[in-house]
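Here is a friendly walk through one protein model. Have a look at it first, and then we will go through some of its rings and strands together.

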Amino acid sequence: IALQVNHFDGEHYNAGGKIPLGLKNKKLRILVTGGAGFVGSHLVDRLMERGDSVIVVDNFFTGRKDNLVHHFNKPRFELIRHDVVEPILLEVDQIYHLACPASPVHYNDHKTNVMGTLNMLGLAKRINARFLLTSTSEVYGDPLQHPQVETYWGNVNPIGVRSCYDEGKRTAETLTMDYHRGLNVEARIARIFNTYGPRMCIDDGRVVSNFVAQALRKEPLTVYGDGKQTRSFQYVSDLVEGLMRLMEGDHVGPFNLGNPGEFTMLELAKVVQETIDPNAKIEFRPNTADDPHKRKPDISKAKQLLGWEPKVSLREGLPLMVSDFRQRIFGDDKEAKG
Ligand code: NAD
Ligand code: UDP
Ligand code: UDP
């Protein structure tokens, strides 16, 4: 196995691993797995802005170099093409573990969630780094409790078509707690609810990216099932703020990070029509199996312990991704050019 070793100057090194209070004012060395992806690249932007040294590990399965190209000439930034299913040697203070095939069309990879998370936990243990897992609201499955509180254990079909993702993340949470309780790894767990924004994969099948791309291409918006199922949509900058607060805070979690504003898919289609094209048609398609009927986070815990809550509503956030999508779909930005 090819192992990559990185040496850093002693100034940054957090010997002993326990991150003392106030260290957030010190420059940190931070690993972001999956950092070339949608959420990861926005997180990297914030960490670079704060003055930290950032290493991104990504195999570009769904991520893109384009998402990070603006950091390529900076000495504090490093990008490594690597699959987290394989072990790796690095020296950092914190690990944000995001690497994961995260969308319906790429779901078929349980291995990344299990072996990738195990490797990153092994790494965290060896170097005494703090480890943050980006889990998902999918751990609640098709929830029988509404809204979902962190204490709810969920309702997941272990052999269903989407179980590789749900159960993969549930296993990743279990591994994280095993390493935390048994091996003293400083752990943080975020349960992320549906998130959208610029740099989302255009054709990965998620509902917001589908509707926005369809409206821009003058195609009908494809509503699955009767469109009455609900989701709660969070703008990416709110999520990144929550992830950083969680990492810097004193609480393991899990914490729900999501926007409690709940919409049916028909309501979402309406907001997309209002934002992009009032004449966009709606086309109904058969729904996929095991589709959760509703989902909405209870974020009381994050509010109380992290002092966090989302700031950007769907109607404010959606327009912020449109020019990015337009540019990537048509190769130019009509809005920017006027
Ligand atoms: P994304 O697909 O844009 O990013 C995932 C990144 O991980 C990509 O850059 C991909 O290339 C990389 N990756 C995948 N497998 C890898 C592997 N084996 N080794 C190295 N890199 C690998 O997805 P995202 O929306 O940015 O999701 C980031 C994280 O947040 C994921 O863990 C996802 O499960 C979680 N999450 C996201 C949402 C959401 O709505 N966006 C909701 C819940 C949870
Ligand atoms: N690992 C890694 N980098 C490290 C340390 C460990 O990739 O710096 C991997 C290691 O190869 C193993 C996994 O993390 O596959 C779990 O490591 P751990 O030491 O916890 O378990 P063990 O190797 O004892 O089974
Ligand atoms: N959905 C839809 N049209 C699409 C894509 C998805 O109506 O083009 C629905 C899907 O059936 C689900 C909801 O939108 O009920 C959210 O799907 P997504 O895959 O974005 O997120 P998740 O199901 O993982 O929450």
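A charge sits over a ring if NZ of Lys or CZ of Arg is within 6 Å of the ring centre and within 35 degrees of the ring normal. Two such cases are listed here.

| Charged residue | Ring | Distance from ring centre |
|---|---|---|
| Arg328 | Phe325 | 5.2 Å |
| Lys301 | Phe255 | 5.0 Å |

This is a predicted model, in which local features need pLDDT of at least 70 and side-chain atom pairs count only at pLDDT 80 or more. Residues are numbered from 1 along each chain as its sequence is written.

Now for the sheet. Strands (DSSP runs of E, at least two residues, numbered from the N terminus) pair if DSSP finds at least two bridges between them. The open sheet has seven strands in the order β3-β2-β1-β4-β5-β6-β11, with parallel pairing. At its edges are β3 (77-81) and β11 (255-257), each pairing on one side only. Strand β2 (residues 53-58) is joined to β3 by five bridges, and Val54 stands opposite Phe77 in β3.

Phe77 also belongs to an aromatic pair (ring centres within 6.5 Å; planes under 30 degrees apart count as stacked, over 60 as edge-to-face and the rest as tilted). Its partner is Phe72, and the two are stacked, 6.3 Å centre to centre with 20 degrees between the planes. Is Phe77 buried or exposed? Phe77 counts as buried, at 8% relative accessibility, while Phe72 is partly exposed at 39%. Here buried means under 20% relative accessible area, exposed over 50%, and partly exposed in between (1.4 Å probe, protein chains only).

Definitions and conventions. Chains are lettered from A and ligands numbered from 1 in the order in which they are written. Side-chain values use heavy atoms; hydrogens and water are left out. Helices (H or I, at least four residues) and strands (E, at least two) are DSSP runs, numbered from the N terminus. Rings of Phe, Tyr and Trp (its six-membered ring) pair if their centres lie within 6.5 Å; planes under 30 degrees apart count as stacked, over 60 as edge-to-face and the rest as tilted.
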